[in-house]
Amino acid sequence: MDEFFVFNSVLLAKLVTRQTDKIMAILNGAQILVECFKREGVDVVFGYPGGQILATFDALYDVKDFKFILTRHEQGAAHAADGYARATGKVGVCISTSGPGATNLVTGLANAYMDSIPMVAITGQVRTTLIGNDAFQESDITGITRPVTKHNFLVKDVKELARIVREAFYIASSGRPGPVVIDFPSDVQNAKTEFIWPESVSIRSYQPRFEGHPGQIKKAARMIEKALKPILYVGGGVITSEASEDLKNLAEKNQIPVTTTFMGLGAFPGQHPLSLGMLGMHGTAYANHATMESDLIIAVGARFDDRVTGRIDAFAPHAKIIHIDIDPTSIAKNIRVDVPIVGDAKNILHEMISYVRRAPDTKAWLAQIKKWREQYPLFYKQDDKLRPQYVIEKIQELTKGDAIIATEVGQNQMWSCLFYQHNQPRTWISSGGLGTMGFGLPAAIGAQLGRPEKVVFDIAGDGSIQMNIQELATAVFNKLPVKIAILNNGYLGMVRQWQELFYKRRYSHTTLQNPDFVKIAEAYGAKGIRVTRKDEVVPAIKEALATDNVVMIDFVIEPEENVFPMVPAGEALNRIINGMA
Amino acid sequence: MKHTISILVENRFGVLARVAGLFSARGYNIDSLAVSETQDPEVSRMTIVVNAEDERILEQIKKQLNKLIDVITVTDFTKKEYIERELVFLKIGFDKKNLLKLKKLIVKRKVQVLEKKIDYLIVELVDDQKKIQDFLAEIKDFKISELVRTGRIAIAK
């Protein structure tokens, strides 16, 4: 290296972004990371500083190309990055320091891993010479996160950094997406080298399969033509691969009803006549009956998880199964599959539409489903009491079904699945696989950043809202006007429901004494509204929508309202408790 | 049933922990493990012997091994034609009475004598698992003060 430049950071940014110039830029690791973010098209980073990530925060100080959002807890940063990724389809990015900062990300990483959400997390680390010495704020974060990430890296040499960042974004966003951690020791952040952006990325041991096997697709098409009781069972993979249009075409052309998993909500319009809503433990009775009676299940980007199948040996006894998934480990994991097709859902569905030569005759089948729909409608008691389902229906009505709905975990989440009709992909932001209480508020913040034009509602419980309530500060001070609807029943409602149904109403430690949520909202600079009567619901939601600020509505609901329908854990999918007794 | 699984991986730190983690997370014990570089120094081969309590679970582990970013290929030798070898070092004690018997066994089994001391031999035997087991059974009356044995390596025919 003959020439050695010392830049101020503004000049530096200009120089390195002009790639045609063959000027060699000597940057430190922290600056290289920032340059890589710019080239990856990052537009927001969520994070929290600390001792071992100082150099990186110093590099972030001058950045104008993307936003940095300071959360109030690292877990909030991880969930916000996750919510941003779900709402936009882009990679969510978060940064923490080493040790406790990094371990605070772990729940967020596990959450993203279970739901296949693309994320890149940067963790500070003690200097390379101290690693393994029990240094202050040291933790073996690559070891800790190995089972909850798609991949992770420890950067030992600054020369490898640009390649690692490029690979991390590629791995996070391709194939079955997932979170990737880059552990970034402080001396590597400060070490200098020539910045070379790798123009392409190629990993010989990682080549996700995109196109489905044509022979298998044809075989599946023949089965669809002959089916009498087909059903499309679709999951989050349809949203990830942006296959909603092709799914709709396939369903409409062949008159096949569609049920979605929890993760698939929004992949197919909830108000479409062919939509059966969600299936599984808290699925609609008609979706579950249709699944159990069907003779052909076309599974797309879904993984037959235990909350969907119920008792596995009793699941859909008459059905042949076509399983489309980009991840071969998802296929035949829980259930026998007749036609496995590995590849991208959009690509395969698109092919399949042209392969099906004649639509199956599903008239009788749809008539049967209509009967189930009439026989077992979704319902709740219509009276003067303030019931949570009513609140959600009114949110739907007043947002014209166009809001992004984030939720916490438990009853609030299941009512939001059932009583809000999710019509578009990327508008349902909820923790599926891991079931993380405290996810909703920070995820709503991330979603609001990614989709500033949208109304974002976090439908919460009084228990889970308190798990990351500090993020009210993040929302208020960054002017992210999310609306929070607390369905406050004074209980950890879902656990209480199980105690009621399966533990003889012994409500062991599920009763909550709560703070005054209105005052909490106000203390953070948000608007707080309390609603105790049914007739106050609509005005309160209208007021929230008209307020250009964070609004938290405390809906004091019927305390022992349950989520129905329900299939008890380990029972067959058609053993439904409908709550009609 | 015992499976011999051969995994080609990128020769990088952390890969072994990732591979081992897929077994340990399910409470699966690895019977033996051998790792070394291949003809390409950027690629290592791991040969793992594992007892599958449930074939479906092992099938899932193999798929998940394939899914690891640093894993290039996974081959299960169980239903294939392959050659396997293990290596064992032994310190075998002897005295005047049983020396002749020991010498006979050593010749019969093609055991290499590496060191001869006044009252013990250091020997090596390279063979498949069964033949090594057989030899160990034959010398069980001798005093074995140390036994060091590698994991199995295997190659497809």
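The side chains of B:Thr4 and B:Arg152 are joined by a polar contact of 2.7 Å. That's a handy way into this predicted model, with B:Thr4 sitting in strand S1 (residues 2-10) of chain B. From there we'll look at chain B as a whole, then chain A and a few spots inside it.

**Around B:Thr4**

- Is B:Thr4 buried or exposed? B:Thr4 is buried, because its relative accessibility is 2%, and the cut-off for burial is under 20%.
- B:Arg152 isn't the whole story: setting aside neighbours within four places in sequence, the contacts of B:Thr4 also take in B:Thr47, B:Ile48 and B:Val49.
- Another run of contacts for B:Thr4 is B:Thr75, B:Asp76, B:Phe77 and B:Thr78, and the list also has B:Tyr82 and B:Ala154.

**Chain B as a whole**

- Chain B is built from four helices and nine strands.
- Follow the sequence and you'll read the pattern β-α-β-β-α-β-β-α-β-β-α-β-β.
- The C-alpha trace of chain B spans about 60 × 35 × 30 Å along its principal axes.
- Of its 157 residues, 42% are buried.
- Take the contacts in chain B between residues at least 6 apart in sequence: 74% of them join residues at least 24 apart.
- Chain B has an accessible surface of about 9200 Å², and 54% of that belongs to carbon and sulfur atoms.
- On the charge side, chain B carries 30 positive and 24 negative side chains, with the centres of the two sets 5 Å apart.

**Chain A as a whole**

- Chain A has 22 helices and 20 strands.
- The C-alpha trace of chain A spans about 80 × 60 × 45 Å along its principal axes.
- Buried residues make up 59% of the 581 in chain A.
- Among contacts in chain A with a separation of 6 or more, 74% come from residues 24 or more positions apart.

**Helix H16 of chain A**

- Helix H16 covers residues 388-398 of chain A, and eight of its 11 residues are buried, so this helix is largely enclosed by the rest of the structure.
- Which residues of H16(A) are buried? They are A:Pro388, A:Gln389, A:Tyr390, A:Val391, A:Ile392, A:Lys394, A:Ile395 and A:Gln396.
- The packing partners of those buried residues include two helices of chain A, H17 (411-419) and H22 (537-546).
- Strands of chain A join in too: S15 (404-407), S17 (456-461), S18 (483-488) and S20 (551-556).
- Just after H16(A) comes A:Lys400, with a positive phi of about 55 degrees.

- A:Ile341 lies in strand S14 (residues 339-342) of chain A.
- With a relative accessible area of 0%, A:Ile341 is buried.
- Not counting residues up to four places away in sequence, A:Ile341 touches A:Gly212, A:His213, A:Gln216, A:Ile217 and A:Ala220, among others.
- A:Ile322, A:His323, A:Ile324 and A:Asp325 are also touched by A:Ile341, as are A:Ile331, A:Ile348 and A:Met352.
- A:Ile331 is 10 residues away along the chain, and its C-alpha atom is 8.5 Å from that of A:Ile341.

- As background, most residues other than glycine have a negative phi, and most peptide bonds are trans.
- A:Ala332 has a positive phi near 60 degrees and sits in the loop between strand S13 (320-325) and S14 of chain A.
- At 40% relative accessibility, A:Ala332 is partly exposed.
- A:Gln255 also isn't a glycine, yet has a positive phi of about 50 degrees.
- Where is A:Gln255 found? Look in the loop between helix H11 (244-254) and strand S10 (258-260) of chain A.
- A:Gln255 is partly exposed, with a relative accessible area of 35%.
- A cis peptide bond, with omega about 0 degrees, links A:Phe564 to A:Pro565.
- A:Pro565 belongs to the segment after S20 of chain A.

Technical notes. Residues are numbered from 1 along each chain as its sequence is written. Chains are lettered from A and ligands numbered from 1 in the order in which they are written. This is a predicted model: local features need pLDDT of at least 70, side-chain atom pairs count only at pLDDT 80 or more; totals for chains, interfaces and linings use all residues. Side-chain values use heavy atoms; hydrogens and water are left out. Buried means under 20% relative accessible area, exposed over 50%, partly exposed in between (1.4 Å probe, protein chains only). Contact means heavy atoms within 4.5 Å. A polar contact is a pair of N or O atoms within 3.5 Å; within protein, one must be able to donate a hydrogen and the other to accept it, and residues adjacent in sequence count only if both atoms are side-chain atoms. Accessible areas come from the Shrake-Rupley method with a 1.4 Å probe; for residues, only the protein chains shown count as cover. Lys and Arg count as positive and Asp and Glu as negative; His and the chain ends are not counted. The place of a charge is taken as NZ of Lys, CZ of Arg, CG of Asp or CD of Glu.
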